[in-house]
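Q: I am new to this structure. Can you walk me through how to read its features?

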Amino acid sequence: MKTLIKGGWVVDPSQNINEPLDVLMHNGKIEKIERNIPEESHKVIYVCGKYVVPGLIDMHVHFREPGFEKKETIETGSLAAVAGGFTSVVCMPNTNPVIDCVDVVDFIKDKANMAACNIYMMGSITKNLDGIEMSSYKNLMEAGIVGITDDGKTVMDTSIMYEAFKEAKKLNLLVSTHCEDINLVYDRSINKGEISKQLNLQGIPKVAEESIILRDIFLAEKTGARIHIQHISTKRGIELIREAKKKGIKVSCEATPHHFTLTDKAILKQGSNAKMSPPLRSDEDVEAIFKGLLDGTIDVIATDHAPHTEEDKNKNLVESANGIIGLETALGLALTELVHKGNMTLEDIIRKFSCNPAKLLNIKKGTLKIGSDADITIIDLEKEWIVDKNKFYSKAKNTPFDGYKLKGKAIMTIVDGEFRYVAV
């Protein structure tokens, strides 16, 4: 039986569609998208007043499997993803063992067969994330990776990074970089500024991020490779990317919801649940991220979903683990802060959550074109809800947004034509 999604407002930036349309699915594909499709004998889902968009894509998550299943698994992470409206995610390689060989790729692909959403992955730039020897990108690519990164670490050896860029250029692989000079991280705590002074911490200066952004953009320019800057957090970093784009360098970047909604002041109330890498920055930096999202300098909104156990997070700001979970709050935060406050349109948001990641990753997602996979997110733009970490599908609870009142939520998530999440 075919399934008809009827009465919704379709927003699909990949086709410049923003109007009331029905969507007909059959055998996991989009069969028809037009006005007033007859109901006939179809299974009909009425979504009057709701928005129908291409399935959201998160190109930066940590599902921790293999090796750290106490924090998250592919199963629990994928359930969190569809609850947040995401139909596809890209897992980072800092697992144990690292995604630096075909065997680990195959292991994750096998696990992904039972996942609630589409699972993609990036391979490591260097073996075991040691920054010493390059992984075999060609073998990893043939096995199924969609990019390379040493996320969580920076490849500090410029000669290794230069060779990695050259090889990635040959294969047309996206190089996704965590930009943080380990020699400038100091006490590995929070942003270096007024709050770090108040707490008597040395802090992490912005130049730690900006210096590596500058290096990696330069290497991309010299090699012609495609570079994606992860979780941008500083004003100057955004300016460097903006300047590089004007020069025609193949650079893109992402921002996380926590970096455009919170400043380092959140540390005073949330403690280690507001500690991440890169750290939360200043008001000036948050304002710059807003501007970057508005003018298109920032291409993608990604979560950097980083689950940890309570034991990992319940330590002081120097010793506690970096990162927060984000899959189940990202869309709500973006709609609340960017759409409902009049900064951006829903079309702008969907472009950064879906169409742009698909293009950068070179995957056949992020669209509702006829014949494409029926990956669909249905959004109630007016739904008001309170974040309750105890109701999360993720194993982890490390969020600074518990108790936040948000407006806008995914109410249905469809993957390959199957309803994987329906809000109660």
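Q: Which order do the four strands of the open sheet take, and what is the pairing?
A: In general, strands of a sheet pair through backbone hydrogen bonds, either parallel or antiparallel. In this predicted model, the four strands form an open sheet in the order S5-S4-S1-S6, and the pairing is mixed. Strand S5 (29-34) and strand S6 (43-46) stand at the edges, each with a single partner strand, so one side of each has no neighbour in the sheet. From one strand to the next, the twist averages 20°.

Q: How many bridges pair strand S4 with S5?
A: Strand S4 (residues 22-26) and S5 pair over five bridges, in the antiparallel sense. To find one of them, look at Val23: its bridge partner in S5 is Ile33.

Q: What should I look at in the loop between S5 and S6?
A: Start with phi. Most residues other than glycine have a negative phi, and most peptide bonds are trans. Asn36 is found in this loop between S5 and S6, and its phi is near 50°, a positive value in a residue other than glycine. Glu40 has its place in the loop between S5 and S6 too. Glu40 is not a glycine either, yet it has a positive phi of about 45°.

Q: Are Asn36 and Glu40 buried or exposed?
A: The cut-off for exposed is over 50% relative accessible area. Asn36 has 67% relative accessibility, so it counts as exposed. Glu40 is exposed as well, with a relative accessible area of 64%.

Q: Where are the cis peptide bonds of Pro66 and Pro97?
A: Look at omega. A cis peptide bond joins Glu65 and Pro66, with omega about 10°. Pro66 sits in the loop between S8 and helix H1 (74-83). The bond from Asn96 to Pro97 is also cis, with omega near 5°. Pro97 lies in the loop between S9 and helix H2 (102-112).

Q: How do I read the hairpin of S2 and S3?
A: Check the pairing, then the turn. Strand S2 (residues 9-12) and strand S3 (residues 17-20) run antiparallel and are joined by four bridges. Within this pair, Val11 stands opposite Asn18 in S3. The hairpin has four residues between S2 and S3, and Asn16 in the turn has a positive phi of about 55°.

Q: In which sense do S2 and strand S7 pair?
A: S2 and strand S7 (residues 51-54) pair in the parallel sense, over two bridges. Here Val10 stands opposite Val52 in S7.

Q: What is the order of the open sheet of three strands?
A: The order is S8-S9-S10, with parallel pairing. The twist averages 20° from one strand to the next.

Q: How many bridges join strand S9 to S10?
A: Four bridges join strand S9 (residues 86-91) to S10, and the two run parallel. Val89 has Ile119 in S10 as its bridge partner. Ser88 has Asn118 in S10 as its partner.

Q: Which residues are on each side of S10?
A: In a regular strand the side chains alternate between the two faces of the sheet. On one side of S10 are Asn118 and Tyr120, and on the other are Ile119 and Met121. These residues are all buried, and both faces of S10 are covered.

Q: How many disulfides does the structure hold?
A: A disulfide is a covalent bond between the sulfur atoms of two cysteines. The structure holds zero disulfides. Take Cys355: the nearest cysteine sulfur, that of Cys253, is 17 Å away. Cys355 counts as buried, at 5% relative accessibility. Cys48, by contrast, is exposed, with a relative accessible area of 53%.

Q: What is the volume of the largest pocket, and which residues lie nearest its centre?
A: The volume is about 680 Å³. The lining has 31 residues, and Asn94, Gly152, Lys153, Arg188 and Asn322 lie nearest the centre. By class, nine lining residues are nonpolar, 13 are polar and nine are charged.

Key. Residues numbered from 1 in each chain as written. Predicted model: local features only at pLDDT ≥ 70, side-chain atom pairs only at ≥ 80, totals over all residues. Heavy atoms only, no water. Pairing = 2+ DSSP bridges. Axes fitted to C-alpha atoms, helices over the stretch in contact; angles between N-to-C directions. 1 Å grid on protein atoms, 1.4 Å probe; cavity = no way out; pocket = protein on both sides within 12 Å on 5 of 7 lines; lining within 4 Å. Points joined across faces, edges and corners; volume = space filled by probe spheres on them. Nonpolar A, V, L, I, M, F, W, Y, C, P; charged D, E, K, R; others polar. Disulfide = S-S within 2.5 Å. Buried < 20%, exposed > 50% of the residue type's maximum accessible area, 1.4 Å probe, protein only.
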